[in-house]
Amino acid sequence: MVLSLPSVFLDPPGRERCESPCNIVQNTATNTRKQSYTGIEILRVLIANNIRPILLIAFTNHALDNIIVRVLEKKITDKIVRLGSRSADETVAELSLDKILMNVNKTRQDRAQGRAYGAMKRAEEAMKDFMGEIVGEKSRPAQFDTYLSTHYPLHHEELNGPPFWIREALDNSQDHDFEHPKKQAKPKTLIDFWREGGDLAFITYAGPGAAAPRGSSTPAGRGGRRGRNRGAAQPNNSTDDAGTAPTMDRATWTNARETFFEEICGSRAIPSCPTTNRNINQLLQDPQMWSMSKAERDRLNAHLNQGMLEGSQQEQLEEFERLKERHREANVEWKEIQDKTKLEVLANAVIIGCTTNGIVPPSLSQQQYSDPRCILGAAKLTELLRSVAPRVLLVEEAGQVLEAHILAKLSADNPGIGQIYQFDRSLMERLSSSGLRMSRLDVQRRMRPEISELIRCTLYESLIDNDAVMGRPSIRGMAKDVFFLDHRHAEGGAGEESVSKVNTFEVNMIKDLVLHLLRQGAYTETGDIVVLCAYLGQLVKIRKALASEVITVVDERDAAQLVDHRDEEDVAGIFEGAVQQVKISSRVLLRTVDNFQGEEGRVVILSLVRNSGGNPAASKGIGFLKSKNRTNVALSRAKEGMYILGNADDLARSEMWSGVIAELKRQDAIGPALPIACHRHPEKVTLINAPGQIALHSPTGENDLTSQMLSHDDPRY
């Protein structure tokens, strides 16, 4: 049985696969096709021996979708459930847990879930209405009426005994043929009419746009009960085709109102609209509520509402607790039924697939783990997985997945002490350093020998080049297939640990180099040209520089990090376009070094960013570039060509970079200027040491200038 040996196969860059011990199987590779092959065969053996369910995790959605598609193609099993909904593959998307739950036949359990969900939503609506009464400016009329009669009986009596014309105006306002000026919504009660100043609007001319009552042709109105539509006037000839209300001029409006008051009160005099502005104490002393101006009514209404709410605080608190408990019970019932359904689906699965980022945030910072949504989401999913009890955990691209990510799948506990326990190390690295027996595949099938030598002379002495890499074609438009542009243009950006470090010189040089390579016509497919940045801030700058020249593609993991830093300068403005997949013949992949492990490109341009300028003594160090793991990833992604931009003196202080630079010098592949050459006349070389020079010397991608070759005796070297 393949899992009987407690062994781990470590996978250096460019090599094929690795597996790990017992019931945790780890799979790492740098070639996507070979990566999937080994994982597929592991799954085939496990399933053939009836070892199920298997929990399959990967670092990215793309990697997870890739291996699931291969499982389906090989017809190993179709009993697969994918957790998460960010699949870009239509076939895999149909295997998501949410999709499967939607397609499950309706059963008694489903109906019970529907009833529980309905009860939960009704409780939410009841709580929403209740909170609206508490925080809103208006309370329920019945509640307001009771409070007013108890605390201010004279005001209550006055409010409910208005002049007769006000009641008539209120009745007319609720008739579909009546529209009073500036009406927002038809009041339904006498209290609403007082609050909104409906009576005041009735006796105030609103201007030429004042609406006339519809359906009237005489001042006395048409038919109906006595008094209905009194004051309606013959409208002007200003009704449009859409049926909007006709309007009245002042003379017509005045005549209509005088007619109304003559029939109701026996006098054609229109009451004057009050304009007083008394304080609250004066209003509480004067019960004549219908004689108050609109400003006074607003002031008194706010005071009464506040007193009413304060007086019923205990009652409201008890009601709130009752509604909250009602919602909690409905929510618990709904989630229990939902989780039971999910558990049944997962229990019938042979493979359960998910990404590490689907549960665990990319960063292990205490700040992110303090977000209760992250913790609760991880705990709930881990709870379900624990109930399913997977027999095997298979980790795709294990060399990339941090130990903390794997631990999060095995336990719901996520302590924010990653640095103490070295959670920045992969599980394979920890097992290796602990003395677990390792087997290593020493043959690499990616990098041309000039590139693999940089790894061989520093990390993996036994690394062997497969015959397939011996005939890699030379890079068109370049005199060297591997070259380090050694410059003294200082970095910029934020503090030492910031992700926003930038180097403007490298941004501009990379833009020119990318366009030069694209003009060769040989690197037009996605992945042919890859720009790797040591810092996210540099990725942002290069993305903006290339945006107007060539459509670029940004990895989903880098896009997530851009969200985390969206408040920083230059990031927020480009986020929306950072992950758009636009079909175009010339494509450039933009990635950070950390997010390109396990992938490859024909030509890789590496921006190291860190640079002390012309004063090495002022160097603040090279940050995480001193990490052997990161350096290994950065230098082992290219198949045919690699171009590095950085400060050799600063980097030489690192043990690994010192060896890399020594090897580059041995290959005569380092200098202060990039050597470009016409592919038709390779003997003609132009040295480029400043932005803008490539466009001058080779505007069409061909170098037509006379040879400007420089030897290492030249002062510029």
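The buried residues of helix α8 are Trp165, Ile166, Glu168, Ala169, Leu170, Asn172 and Ser173. Buried here means under 20% relative accessible area, with exposed being over 50% and partly exposed in between (1.4 Å probe, protein chains only). Helices are DSSP runs of H or I with at least four residues, strands are runs of E with at least two, and both are numbered from the N terminus.

Before you dig in: this is a predicted model, where local features need pLDDT of at least 70 and side-chain atom pairs count only at pLDDT 80 or more, while totals for chains, interfaces and linings use all residues. Residues are numbered from 1 along each chain as its sequence is written, and side-chain values use heavy atoms, with hydrogens and water left out.

**Exercise 1. Work out how enclosed α8 is, and what its buried residues pack against.**

Step 1: Take α8 as residues 164-173; 7 of its 10 residues are buried, so this helix is largely enclosed by the rest of the structure.
Step 2: Look for the partners, using contact in the sense of heavy atoms within 4.5 Å. The buried residues of α8 pack against α9 (190-196), α10 (198-202) and α11 (250-265).
Step 3: Zoom out to the chain, where buried residues make up 48% of the 717 residues.

**Exercise 2. Describe how α20 and α21 pack.**

Step 1: Two packed helices are described by the angle between their axes and the distance between the axes. Axes are lines fitted to C-alpha atoms, for helices over the stretch in contact, and angles run from 0 to 180 degrees between N-to-C directions.
Step 2: For α20 (504-518) and α21 (536-547), the angle is about 45° and the axes are 9 Å apart. That makes α20 oblique to α21, since angles under 35 degrees count as roughly parallel, over 145 as roughly antiparallel, 65 to 115 as roughly perpendicular and the rest as oblique.
Step 3: List who meets whom: Glu506, Val507, Ile510, Lys511 and Val514 of α20 touch Gln538, Lys541, Ile542, Ala545 and Leu546 of α21.
Step 4: Sort that α20–α21 contact by class, and you get 6 nonpolar, 1 polar and 3 charged residues. (Nonpolar covers Ala, Val, Leu, Ile, Met, Phe, Trp, Tyr, Cys and Pro; charged covers Asp, Glu, Lys and Arg; the others, Gly among them, are polar.)

**Exercise 3. Now do α24 and α26.**

Step 1: The axes of α24 (628-635) and α26 (655-666) come within 9 Å and cross at roughly 30°. That makes α24 roughly parallel to α26.
Step 2: From α24, Lys628, Thr631, Asn632 and Leu635 meet Glu655, Met656, Trp657 and Val660 in α26.
Step 3: The α24–α26 contact residues divide into 4 nonpolar, 2 polar and 2 charged.

**Exercise 4. Which residues does Ser293 touch?**

Step 1: Find Ser293 in the loop between α12 (280-285) and α13 (294-311). Ser293 is buried, with a relative accessible area of 4%.
Step 2: Not counting residues up to four places away in sequence, Ser293 touches Leu200, Pro274, Thr275 and Thr276.
Step 3: Check the Thr276 backbone oxygen, which the Ser293 side chain reaches at 2.5 Å.

How values were computed:
A polar contact is a pair of N or O atoms within 3.5 Å; within protein, one must be able to donate a hydrogen and the other to accept it, and residues adjacent in sequence count only if both atoms are side-chain atoms.
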